Amino acid sequence: RDLHSFPTRRSSDLFSVSGVKSIYQIAAVKVSANTVTDTFEAFIRPWDANSQARKAAAKEVGVPLEVIESAEDVDIVMPKFFDFVGNHVLVSTGALGNQGKLISRAARYAGMTEIKNEFYDLLDLAADTSSDFDLSNNTREYLLSAFSIPEGKTALEQAMANKTIYDTLLNYDK
């Protein structure tokens, strides 16, 4: 398929998750006609009840421990996330890698047996856009640096960075 025709085919949700073994924060921006039309952001209490895991999560996402301890459980947040994204395509760097795996794991913890959304990885788009973004230069960090895009600290800021990466790649002059 023609990857560069993607934005005109259907609307998308550019998402980001924060977490290592479980999701601590998840966010998405809904995009239609290249414009952000809605946002979703939620903290998630780590599903392992270990207090060290909660402290590590708070430190990783840069919030007070109370924010993580008072966050909703994954089985409450994930259905809200999937209600927000509907049947839209989920777009991110790592969508077919770590972020996709974390979302899949969180969905299972929430009792979901299937994710019907299509995943679209920005690293694939980058590699298809130019050989400048292939092999060792095919990382989120490289793209952010190459395009002078700030990473952002929150999952919502990172989802917005995904949109900027996406827009920049679509307009990249080879």
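The bridge partner of S32 in strand 3 is T35, where strands are DSSP runs of E with at least two residues and helices are runs of H or I with at least four residues, both numbered from the N terminus. The structure is a predicted model, in which local features need pLDDT of at least 70, side-chain atom pairs count only at pLDDT 80 or more, and totals for chains, interfaces and linings use all residues. Residues are numbered from 1 along each chain as its sequence is written, and side-chain values use heavy atoms, with hydrogens and water left out.

The S32–T35 bridge belongs to an antiparallel pairing in which eight bridges join strand 2 to strand 3 (residues 35–43); two strands count as paired if DSSP finds at least two bridges between them. Two residues lie between strand 2 and strand 3 in this hairpin, and A33 in the turn has a positive phi of about 55 degrees. Strand 2 also pairs with strand 1 (residues 12–19), again in the antiparallel sense and over eight bridges. Here V31 of strand 2 is the bridge partner of S12. Strand 2 (residues 23–32) is largely enclosed by the rest of the structure, because nine of its 10 residues are buried. Buried means under 20% relative accessible area, exposed means over 50%, and partly exposed lies in between, with a 1.4 Å probe and protein chains only.

Around these strands, the protein chain has eight helices and five strands in total. From the N terminus on, the order of elements is α-β-β-β-α-α-α-β-α-β-α-α-α. The radius of gyration is 16 Å, close to the 16 Å that the globule rule gives for 174 residues, so the protein chain is as compact as a globular protein of that length. That radius is taken over C-alpha atoms, and the rule is 2.2 Å times the number of residues to the power 0.38. Along the principal axes, the C-alpha atoms fill a box of roughly 50 × 30 × 25 Å. Of the 174 residues, 45% count as buried.

E69 is partly exposed, with a relative accessible area of 37%. Leaving aside residues up to four places away in sequence, E69 touches R45 and R54. E69 and R45 are 24 residues apart in sequence, yet 6.1 Å apart in space, C-alpha to C-alpha.

Technical notes. Contact means heavy atoms within 4.5 Å.
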